[in-house]
Amino acid sequence: LAIDTSGRDLRSRLDGPERERFEGALESLGMPPNALDPFEPWMAFVTLAVVPLMQAGFDPELGVDRLLEDAAEDDGKTVTGLETLREQLGYFDSMSEQLQLDMLNGTVSELDSLPAMVREIETLWVEGRVDELGELMQAMMVGFGDNDELVEVLLTDRNEAWADWVVERMTRPGDVFLAVGAGHLAGDGNVLQILGARGIEVERVVTEGGSSR
C-alpha cells in the first residue's frame, strides 16, 4: 500500500519551498533526501511523525496496546483486533492525494513540536481531562487541509464501526475487555457517545489518581 506505483517520486509532488522544507526535515532526522521517494505521501508523514518520537525516547514496545496484548496472552485470554494492520494502513491510503500532501507538509512544519504534543496528550488522558483531550486532537487536525475528510476517515467512520461491533457483541454472553486509542474516547462522535445514543449503558470510571477508564 505504501509504494507509489504512479512512476512519480515523492519529492516531485512538492513545490520548491515544500520540497526544501521536506528535505530539511529528513536531514534533521539523519535521513538522506531521497529516503522516502518511493512512497505515497501518507507513508512519508507517518514515518516523519514516528521517527522524532522514537528519538525523543518513546518506545513502541511500551505502548499500551502491546502491554495489554502481552498481559492477556500471558493469562491465556483470547486476543483479537477490531481492525487488521492492512485495514488501518488502508485508511491513510484511501485519503485524497491533496489531503496526504497537506498532512505531509503539516507534519514537516510541526516536526520539532511533535514530542511535546504527544506528552500533552498523554498528560490530559492520565489526568482524566477528556474534554480537553478531544479539543486538542480536533485542533491538531484542523491544520491538515480537508479537516472533514480527515476526521471522517480516521475517527468518525471507525468509531461507528466499532460501536456496531460492541452492540453485536453485547448480544452474546461473556466478559470482554476492549481497548481503543484515547482519541476515540474524546470529542464529538466518540465511541462512548455513539454507544450511549444506541441504548448501551456507559459509565466513565475515574481512578483515585484522576485518570479515566
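Colleague: Among contacts between residues at least 6 apart in sequence, what percentage join residues at least 24 apart?

Modeller: For this protein, which is a predicted model, the value is 68%.

Colleague: Thank you. How many helices and how many strands are there?

Modeller: The protein has 9 helices and 0 strands. Read from the N terminus, the order of elements is therefore α-α-α-α-α-α-α-α-α, where helices and strands are DSSP runs numbered from that end.

Colleague: And what does the C-alpha trace span along its principal axes?

Modeller: The span is about 55 × 35 × 35 Å.

Colleague: What share of the residues counts as buried?

Modeller: Of 213 residues, 34% count as buried. The accessible surface amounts to about 12,700 Å², and carbon and sulfur atoms account for 53% of that surface.

Colleague: Let us turn to charge. How many positive and negative side chains are there?

Modeller: There are 16 positive and 43 negative side chains. The centres of these two sets are 3 Å apart.

Colleague: Is Asp-65 buried or exposed?

Modeller: Asp-65 is exposed, because its relative accessible area is 58% and the cut-off for exposed is over 50%.

Colleague: Which residues make the nonpolar patch?

Modeller: Leu-1, Leu-85 and Leu-89 make a nonpolar surface patch of about 260 Å². Leu-89 sits in helix α4, residues 85-93. With a relative accessible area of 30%, Leu-89 is partly exposed.

Colleague: Now the salt bridges. How many does a search of the whole structure find?

Modeller: The search finds 15 salt bridges. As a general point, side chains of opposite charge can pair when their charged atoms come close.

Colleague: Which residue pairs with Arg-13?

Modeller: Arg-13 forms a salt bridge with Glu-40, and the closest N and O atoms are 3.8 Å apart. This pair links distant parts of the chain, 27 residues apart: Arg-13 is in the segment before α1 (16-28), while Glu-40 is in the loop between α1 and α2 (41-55).

Colleague: Are those two residues buried or exposed?

Modeller: Arg-13 and Glu-40 are both buried.

Colleague: What is the partner of Glu-83?

Modeller: Glu-83 forms a salt bridge with Arg-158, with 2.8 Å between the closest N and O atoms. This pair also links distant parts of the chain. Glu-83 lies in the loop between α3 and α4, and Arg-158 lies 75 residues away in helix α8, residues 147-169.

Colleague: Why do Glu-83 and Arg-158 count as buried?

Modeller: Buried means under 20% relative accessible area. Glu-83 counts as buried because its relative accessibility is 14%, and Arg-158 counts as buried because its value is 13%.

Colleague: And what about Arg-172, which residue is its partner?

Modeller: Arg-172 forms a salt bridge with Glu-168, the closest N and O atoms being 2.9 Å apart. Arg-172 is partly exposed at 41% relative accessibility, and Glu-168 is partly exposed at 39%.

Colleague: A change of topic: where is Gln-100?

Modeller: Gln-100 is in helix α5, residues 97-109. Gln-100 counts as buried, at 3% relative accessibility.

Colleague: Which residues does Gln-100 touch, not counting those up to four places away in sequence?

Modeller: On that basis, Gln-100 touches Glu-40, Pro-41, Trp-42, Phe-45, Phe-92, Asp-93 and Met-95. Glu-40 is also the salt-bridge partner of Arg-13.

Colleague: Finally, where does Glu-27 lie?

Modeller: Glu-27 lies in helix α1 and counts as exposed, at 61% relative accessibility. The C-alpha atoms of Glu-27 and Ala-161 are separated by 40 Å, and these residues are 134 apart along the chain.

Methods: Residues are numbered from 1 along each chain as its sequence is written. This is a predicted model: local features need pLDDT of at least 70, side-chain atom pairs count only at pLDDT 80 or more; totals for chains, interfaces and linings use all residues. Side-chain values use heavy atoms; hydrogens and water are left out. Patches are made of residues with over 30% relative accessible area and no salt bridge: like charges are joined within 9 Å, nonpolar side chains (Val, Leu, Ile, Met, Phe, Trp, Tyr) within 5 Å. Accessible areas come from the Shrake-Rupley method with a 1.4 Å probe; for residues, only the protein chains shown count as cover. A salt bridge is a side-chain nitrogen of Lys or Arg within 4 Å of a carboxyl oxygen of Asp or Glu. Helices (H or I, at least four residues) and strands (E, at least two) are DSSP runs, numbered from the N terminus. Buried means under 20% relative accessible area, exposed over 50%, partly exposed in between (1.4 Å probe, protein chains only). Contact means heavy atoms within 4.5 Å. Lys and Arg count as positive and Asp and Glu as negative; His and the chain ends are not counted. The place of a charge is taken as NZ of Lys, CZ of Arg, CG of Asp or CD of Glu.
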